[in-house]
Amino acid sequence: MEIGSTIGGRYRIQAHLAGEVWAAEDTRSGTRVAVKTLSGPPAPAVRLRHPGITTVLAVGEHDGTPFLAMELLDGYTLDDHLLDGGYDTAQVADYGAQVADALAVAHRAGTTHGRIEPAQLQLTRAGALKILGLGTVPPPHSLDLAALGATLDELLRRPAPPGPPGELGTLIAELRSAPAQHDPQLTAAYAARLRRLADGPASAEPPARPRRPPVARTFWIDRQPGRTLLGRVLAGVILAGLIAVTAYAITVTA
């Protein structure tokens, strides 16, 4: 495929992106698209529509070679970002939920991806995660859930902390040992669990210690049966004495 050539009567090739994928301009709409040439007919999965699945805009053929015109994604793959280190737990749970939700749509349609890995997941500048390559090649017997578990494990890229694994670690272990059959209900259940982990509230502050109701202070004599009156008399005598002493001091110093 040559830069400047037009395929399908409308897509003008502008640049090579990677592998069999090229950037092109749709001469009818003026928008930029990605064009991918295929080695065989595309699978029915190219018709799937989901925010987590790269949208195929058109299917065509050029000089006997089938091709797809797809939305042109910006951003980078998760594999690229792994060069800078792993992701935190909340991010991994969020990415896993997005991928599992998209896989559930594919599984309900009776198809699989077969190659889930960080290099097949592209994060757009808007923060959406897209599965690449779904439906472009007929996948073999799929281990989508197990591959998703391995991918999430790789995204964490940190040594396991001592002690029992956290909830995400337990879920990843379940994914890695999930059955090969693409069960839509099972995939959707994992998506829901990952979403709960991603959207779960941050650990709450420890509850404030309950305050005791105020207790009126009492003197010892007030707590003695039958001595309340005596206490009041003594308090009056003491107060009178203090007043007399103060008056005398004022008179002497005057």
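# A walk through the predicted model

At 72% relative accessibility, Asp63 counts as exposed, where exposed means over 50% relative accessible area, buried under 20% and partly exposed in between, using a 1.4 Å probe and protein chains only. Asp63 lies in the loop between S5 and strand S6 (65-71); helices (H or I, at least four residues) and strands (E, at least two) are DSSP runs, numbered from the N terminus. The phi of Asp63 is near 50°, a positive value in a residue other than glycine. Most residues other than glycine have a negative phi.

Before going further, a word on the ground rules. This is a predicted model, so local features need pLDDT of at least 70 and side-chain atom pairs count only at pLDDT 80 or more, while totals for chains, interfaces and linings use all residues. Residues are numbered from 1 along each chain as its sequence is written, and side-chain values use heavy atoms, with hydrogens and water left out.

Let us start with the sheet. Six strands form an open sheet in the order S1-S2-S3-S4-S6-S5, with antiparallel pairing; two strands pair if DSSP finds at least two bridges between them. At its edges are strand S1 (6-7) and strand S5 (56-62), each of which pairs on one side only.

Strand S4 (residues 32-37) is joined by five bridges to strand S3 (residues 21-26), and the two run antiparallel. Two of the residue pairs to look for are Glu25 with its bridge partner Arg32 in S4, and Val21 with its bridge partner Lys36 in S4. S3 and S4 form a hairpin with five residues between them, and in the turn Gly30 has a positive phi of about 80°. S4 is also joined to S6 by five bridges, again running antiparallel, and here the bridge partner of Val33 is Glu71 in S6. Five of the six residues of S4 are buried, so this strand is largely enclosed by the rest of the structure.

Now turn to the helices. Helix H3 (residues 144-156) has 13 residues and reaches 19 Å from its first C-alpha to its last, close to the 18 Å expected at 1.5 Å a residue. The expected span is 1.5 Å times one less than the number of residues. After H3 comes Arg157, whose phi is positive, near 45°.

H5 has 16 residues and reaches 22 Å from its first C-alpha to its last, close to the 22 Å expected at 1.5 Å a residue. Its buried residues are Thr187, Tyr190, Ala191, Leu194 and Ala198. They cover an arc of only 105° around the axis, which puts them on the same side of H5; the arc is that of the directions from the helix axis to the C-beta atoms. An α-helix has 3.6 residues a turn, so residues three or four places apart point the same way. On the other side of H5, Gln185, Arg196 and Asp199 are exposed. The cover over the buried residues of H5 includes H2, H3 and H4.

Ala97 lets us see the H2 side of this arrangement. Ala97 sits in helix H2 (residues 89-108) and counts as buried at 2% relative accessibility. Leaving aside neighbours within four places in sequence, Ala97 is in contact (heavy atoms within 4.5 Å) with Ala191, Leu194 and Arg195. Ala97 and Leu197 are 100 residues apart in sequence, yet 8.9 Å apart in space, C-alpha to C-alpha.

Finally, look at the nonpolar cores. A nonpolar core is a set of buried Ala, Val, Leu, Ile, Met, Phe, Trp, Tyr and Cys residues joined through side-chain atoms within 4.5 Å. Of the 36 residues in the largest one, Leu78, Val99, Ile131, Leu152 and Leu155 touch the most other members. The elements giving two or more residues to this core are H2, S8, strand S9 (129-131), H3, H4 and H5, and H2 gives the most, with 10 residues. A second, separate core of 10 residues includes Ile7, Ala58, Phe67 and Ala69.
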